[in-house]
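Thanks for coming. I have one model to show today, and I will go through a few local features in turn.

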Amino acid sequence: MKDPRVEKLARVMINYSLKVRKGQYLMITGAPVAGPLIVECYREALKAGANVETNITLPGLEEIFYTESSLAQRQWVSQVTKHRTRRLDASCFICGSVNTRSLTNCDPKKMAEVAKARQPM
């Protein structure tokens with residue numbers, strides 16, 4: 001059963017906040033816990049006529065990345081990501097986690113390295 005509050009939030013996000021229009025390229029990114037909102041945003045974007053892609057991240061991957069990656073891996077940005085970012089008309093990142101402390105033990109310096117590498121986008 002759909003939650004009308006989630007439907008309303010999706011309408012506001014897509015039609016008011018992002019002002020998605022026909023023919024625009026939209027990327028919706030989020031975690032499985034945000035699934036209901038991702039689904040409704042996807043629906044609203046399609047109704048608005050947008051071309052929509054989704055990217056669903058799995059829990060735990062970010063923590064593994066920050067604890068196991070090398071400096072070179074943290075500074076690397078995918079060519080696909082760079083290309084997609086340049087072509088996007090709008091992007092919607094819906095944060096959510098079942099474990100809000102999952103990155104507590106990750107080195108903040110490593111997180112800053114990743115943010116710095118992605119800043120030009």
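Helices here are DSSP runs of H or I with at least four residues, strands are runs of E with at least two, and both are numbered from the N terminus. Please keep in mind that the model is predicted: local features need pLDDT of at least 70, side-chain atom pairs count only at pLDDT 80 or more, and totals for chains, interfaces and linings use all residues. Residues are numbered from 1 along each chain as its sequence is written, and side-chain values use heavy atoms, with hydrogens and water left out.

I start with Arg-74, which sits in helix H4, residues 71–75. Is Arg-74 buried or exposed? Its relative accessibility is 7%, so Arg-74 counts as buried; the cut-offs are under 20% relative accessible area for buried, over 50% for exposed, and partly exposed in between, with a 1.4 Å probe and protein chains only.

What does the side chain of Arg-74 make a polar contact with? One partner is the side chain of Glu-113, at 2.5 Å. A polar contact is a pair of N or O atoms within 3.5 Å; within protein, one must be able to donate a hydrogen and the other to accept it, and residues adjacent in sequence count only if both atoms are side-chain atoms. A polar atom of the Arg-74 side chain also lies 2.5 Å from the backbone oxygen of Ser-69. Contact in general means heavy atoms within 4.5 Å. Leaving aside neighbours within four places in sequence, Arg-74 is in contact with Phe-65, Ser-69, Lys-110, Glu-113, Val-114 and Ala-117.

Next is Gln-73, also a residue of helix H4. Gln-73 is partly exposed, at 45% relative accessible area. Not counting residues up to four places away in sequence, Gln-73 touches Phe-65 and Glu-68.

The structure holds 1 aromatic pair. Phe-65 and Tyr-66 have ring centres 5.5 Å apart and planes at 70 degrees, so the pair is edge-to-face. For pairing, rings of Phe, Tyr and Trp (its six-membered ring) need centres within 6.5 Å; planes under 30 degrees apart count as stacked, over 60 as edge-to-face and the rest as tilted. Of these two residues, Phe-65 is partly exposed at 28%, while Tyr-66 is buried at 7%.
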